[in-house]
Amino acid sequence: MAYIQFLGAAGTVTGSKHLVNTSSDTSGNHSRQVLIDCGLFQGQKEWRDRNWQDLPVAVQNIDAVILTHAHIDHCGWIPRLVKAGFRGPIFATPPTIDLCGILLPDSGHLQEEDAAFYNKIKKSKHDPALPLYTFEEAQDSLQYFRAAQFDQWITVSPEFSFRFVRAAHILGSAMVEVNLRTKGQSRRLLFGGDTGRVRNHSVAPGKVVHSGPVEGEAADVLVMESTYGNREHPTDDPRPQLAAIVRRTVERGGSVVVPAFAVERTQKFLFMLKALMEVGQMPRIPVYADSPMAIRAVETFLKYTGEYTEEARQLIREYGSPLEWPGFIFASTPQESKKINQSHYPSIIVSSSGMVTGGRILHHLAQRMPDPRNTVLFIGFQAPGTRGFAIKSGTPEVKIFGEMVTVRAEVASLEQFSDHADTPELLEWLRTFKKKPAATYLVHGEPAASVRLRETMMEELGWNVQIAQWMQKVQVR
Ligand SMILES: [Zn+2]
């Protein structure tokens, strides 16, 4: 009656793009086509190269895009899609639209910087190296966004309607329930996007957004992530460990450099630092939030306090806006960012990108990693092939700006901050389904994680589970 084609995040954790075609035959003729997510590939070159390939369908024939959330691996290819001629609506929740308004132009800016760098060192195959899209092109793509509230049904065509339900992953994140009606038959599809922490706050201590992904689903076809399909998060409180990492770094006379996603992850981390300093568990050293979007990110974070857990709201009530805190410095301009490099006193530097794929964090790491007094602290997922993954895995040196940088700094990580449900949490959520989906497709995972999750789901739930392959078309029955 219809089919789904996996155009990204199949066999890897980035580049999420799933095309729903309402045609009953895989030729795709005489049909509606809707793209769920439109993410950038990151990490290994083999995957990043796919950012430059055209989609297997003419973009003019895509009727709409539905966006689950504002992480770049789910939304970062939108400017390229628009550049290629897409002119339809891009549906997203209001917080996701706000976040994309900050993140996509920044992504365009990073693409331009990359191209300029490769032209300078003349190491690109392409002469001259071009950005995937520019700041301006990213700005231009924002005009196609259309707000859709949670639980509001939207009709894209007589065959295709959908609504957003809560995913509890990051601010504004949603799952997409799709109702397909063709030839008198109807089917419910559920695209999970990224699934947030399921259990209560004491078991998921990094959790900030709401109470969990919506329960009691009843889908015929489920497409879900498998990022943590072979892992469990620690459930202990990360604050004593964080305080200890900062204390011992300061005792050495060093600084802590934290790669973090600029919106939400950075702000909740800042609140945790503030609270630890206020109760005297952490020395009051300067904290730099270094991002071109630093101030807007805080403003956006504070605009949606209703989205957060009670504990997060309590912190916001108690401490107010981070922009007002003494000792917390927001570096928006390149000049302010450079000033941080001149500081030789212990400090905490929080900067993006979270997986060290680009952005200002590169300057800080290039400067601070050769010094064993410093610490690099990871508080987010690192996709294989990224610099963040290499550093976290203990590489002795890593390439930044074309030069090898020696890693002598301490490397630490706190897994409790994860915004993804781990395997026990995913199972807990899946057990709330009202019926077994006829088919479940696993996306957004490294192969080992997807394989393990498939086995676990088949054993524990008895579900029919497949691992999605890149470019594969699967029939909706
Ligand atoms: Zn995500």
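Arg431 is partly exposed, with a relative accessibility of 49%. Buried means under 20% relative accessible area, exposed over 50%, and partly exposed in between (1.4 Å probe, protein chains only). The model is predicted: local features need pLDDT of at least 70 and side-chain atom pairs count only at pLDDT 80 or more, while totals for chains, interfaces and linings use all residues. Residues are numbered from 1 along each chain as its sequence is written, and side-chain values use heavy atoms, with hydrogens and water left out.

### Exercise 1. Salt bridges

Task: Which parts of the chain does the pair of Arg431 and Glu460 tie together?

Step 1. Side chains of opposite charge can pair when their charged atoms come close. The test for a salt bridge is a side-chain nitrogen of Lys or Arg within 4 Å of a carboxyl oxygen of Asp or Glu.

Step 2. Arg431 and Glu460 form such a bridge, with N to O at 3.0 Å. Arg431 sits in the loop between α13 and β20, and Glu460 in helix α14, so the bridge ties together parts 29 residues apart in sequence. Helices (H or I, at least four residues) and strands (E, at least two) are DSSP runs, numbered from the N terminus.

Step 3. Check the surface. Glu460 has 46% relative accessibility, so it counts as partly exposed.

Step 4. Now look within helix α14. Glu455 and Arg452 meet in a salt bridge (2.9 Å, N to O). These two are three residues apart in the helix, so about one helical turn separates them. Glu455 is partly exposed at 35%, and Arg452 is partly exposed at 37%. Elsewhere, salt bridges with shared partners join Arg163, Glu177 and Arg188 into one network.

Step 5. Arg317 bridges to Glu310, with the closest N and O atoms 2.6 Å apart. Arg317 is exposed at 53%, whereas Glu310 is partly exposed at 43%. A search of the whole structure finds 25 salt bridges.

### Exercise 2. The zinc site

Task: Which residues are the protein donors of the zinc ion? Why is the arrangement irregular?

Step 1. Find the donors. These are N, O and S atoms within 2.8 Å of the metal (3.2 Å for Na, K and Ca); water is not among the atoms, so sites may look incomplete. The protein donors are His69 (NE2), His71 (ND1), His169 (NE2) and Asp194 (OD), at 2.1 to 2.3 Å from the zinc ion.

Step 2. Test the angles. Four donors are tetrahedral if all angles lie between 85 and 135 degrees; four are square planar and six octahedral if opposite donors are over 155 degrees apart and all others between 65 and 115; anything else is irregular. Here the four donor atoms subtend angles of 93 to 162°, which makes the arrangement irregular.

Step 3. Read the spacing in sequence: H-x1-H-x97-H-x24-D. His71 lies in the loop between β4 (64-66) and α2 (72-75), and Asp194 in the loop between β10 (185-191) and β11 (221-225); this pair links distant parts of the chain, 123 residues apart.

Step 4. Check burial. His71 is buried at 14%. Asp194 is buried at 1%.
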